[in-house]
Amino acid sequence: YFKDRPLETIKLKDLEDFLFWVVEKYKIYTTVKRIKQNLVRAYAKAVKHDLIAYNVAREIDNLPTMPIKNFPAITDVALVDDYAKVIAQLYDNKEDIILSSAIKLLPHLFARPSELRSMKWKDIDFGRAFWTYEMTKVNHERRVPLSPQVMLILRELYKHTGDLEYCFPAITQTGYINKAHLSQTVKRCGIDTDVQSLHGFRASATTFLHEVLKMKDDWIELQLGHKLGNDTKIAYKRTLFLNERIDMMNKWSNYLDDLRTNIMDIRIVKARR
């Protein structure tokens, strides 16, 4: 890249431009960090041998970063009919009780798929309708209010797997269903995961809760398990806005039921015609 340029003529911006060129040409976002480390070592050796006076490579801080890839999700309220069809397809499945329950809960709880898959019966409070568990990304406890619709699904599932540790058991290394189980089940329902992904149910819920049901951002962020504000002591407080979130989750499940019912009514009308 630098051909025959003397080392002392290669400035900081030249090095940073080189790293961006590497990424653009080879798409190696992780490797470019090691290339920077090699540059620092090379310049350190040059300083040691009095070829240059200063290790300018140490000042490299403008590294290319991998673009954030959003999970596919329906996040346009104008496409509410498309989202309604997705909800209806999740319910209109021919899976066993374990997989059927899991995919039905995806939109209602909008938890991270990994957290939903590893749900344990000991974490479900049937009396007060809560799911309390340790979040996987941060060391904080999360409390999720469970709507009557969710409780109905869980009570039925309990008849089949209640004597086991996990709500969604499977013969896997972890003892519960894996990501492939969920994604393949969703695909068998006829849902295009390039349009509505497993993780995308979180984004869809955010959109419709905010723009349609007019819920407050703080309630939604807490329910997503996101940190709220800069104060770590209250950022993940599980009881923060709890009554408001209970009401929000109940209204959200009712909204999903309405969407699904509308699709079913349309199908009935078409069938009669």
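What span should the twelve residues of H8 have at 1.5 Å a residue, and how far apart are its end C-alpha atoms? The twelve residues of H8 should span 16 Å, and the end C-alpha atoms are 17 Å apart, which agrees. The expected span of a helix is here 1.5 Å times one less than its number of residues. The model is a predicted one, in which local features need pLDDT of at least 70 and side-chain atom pairs count only at pLDDT 80 or more, while totals for chains, interfaces and linings use all residues. Residues are numbered from 1 along each chain as its sequence is written, and side-chain values use heavy atoms, with hydrogens and water left out. Helices (H or I, at least four residues) and strands (E, at least two) are DSSP runs, numbered from the N terminus.

Three strands form an open sheet in the order S1-S2-S3, with antiparallel pairing; two strands pair if DSSP finds at least two bridges between them. Strand S1 (124-125) and strand S3 (141-145) stand at the edges with a single partner strand each, so one side of each has no neighbour in the sheet. Two bridges join S1 to strand S2 (residues 130-134) in the antiparallel sense, and Asp125 stands opposite Phe130 in S2. Helix H11 (residues 242-272) packs on the sheet, where it touches S2 and S3, and its direction makes about 50° with that of S3. Such angles run from 0 to 180 degrees between N-to-C directions, the axes being lines fitted to C-alpha atoms, for helices over the stretch in contact. S2 and S3 run antiparallel and are joined by five bridges; Thr132 has Arg143 in S3 as its bridge partner. Four of the five residues of S3 are buried, so that this strand is mostly covered. A residue is called buried under 20% relative accessible area, exposed over 50%, and partly exposed in between (1.4 Å probe, protein chains only).

The nonpolar interior comes next. In soluble globular proteins, nonpolar side chains tend to be buried together. A nonpolar core is a set of buried Ala, Val, Leu, Ile, Met, Phe, Trp, Tyr and Cys residues joined through side-chain atoms within 4.5 Å. The largest such core has 55 residues, and those with the most contacts inside it are Tyr83, Leu109, Met119, Trp131, Leu146, Phe168 and Trp252. Among the elements that give two or more residues to this core are helix H3 (80-91), helix H4 (97-109), S2 and helix H6 (148-161). Apart from it lies another core, of 16 residues, including Ile10, Phe18, Val32 and Tyr43. Leu109 is in contact (heavy atoms within 4.5 Å) with residues that include Leu116, Trp131, Val144 and Met249, when residues up to four places away in sequence are not counted.

H6 has 14 residues and reaches 20 Å from its first C-alpha to its last, close to the 20 Å expected. Its buried residues include Val150, Ile153, Leu154 and Leu157, and the buried residues of H6 pack against H3, H4, S1 and H11. In H8, the buried residues include Phe201, Ser204, Ala205 and Phe208; the buried residues of H8 pack against H3, H4, H9 and H11. Ser204 has a relative accessible area of 0% and, leaving aside neighbours within four places in sequence, is in contact with Ala73, Ile74, Thr75, Tyr83 and Gln196.

Met248 is found in helix H11 and, at 0% relative accessibility, counts as buried. The C-alpha atoms of Met248 and Leu209 are separated by 8.2 Å, although these residues are 39 residues apart along the chain. Beyond residues up to four places away in sequence, Met248 touches Leu209, Met215, Trp219, Ile220 and Gln223.

Most residues other than glycine have a negative phi. Phe110, in the loop between H4 and helix H5 (113-117), has a positive phi near 35° and is buried, with a relative accessible area of 0%. Lys214, in the loop between H8 and H9, has a positive phi near 60° and counts as exposed at 63% relative accessibility.

Finally, the cysteines. A search of the whole structure finds zero disulfides, a disulfide being a pair of cysteine sulfur atoms within 2.5 Å. The sulfur of Cys167 is 20 Å from the closest cysteine sulfur, in Cys189, which is too far for a bond. Cys167 is buried at 0% relative accessible area, and Cys189 also counts as buried, at 12% relative accessibility.
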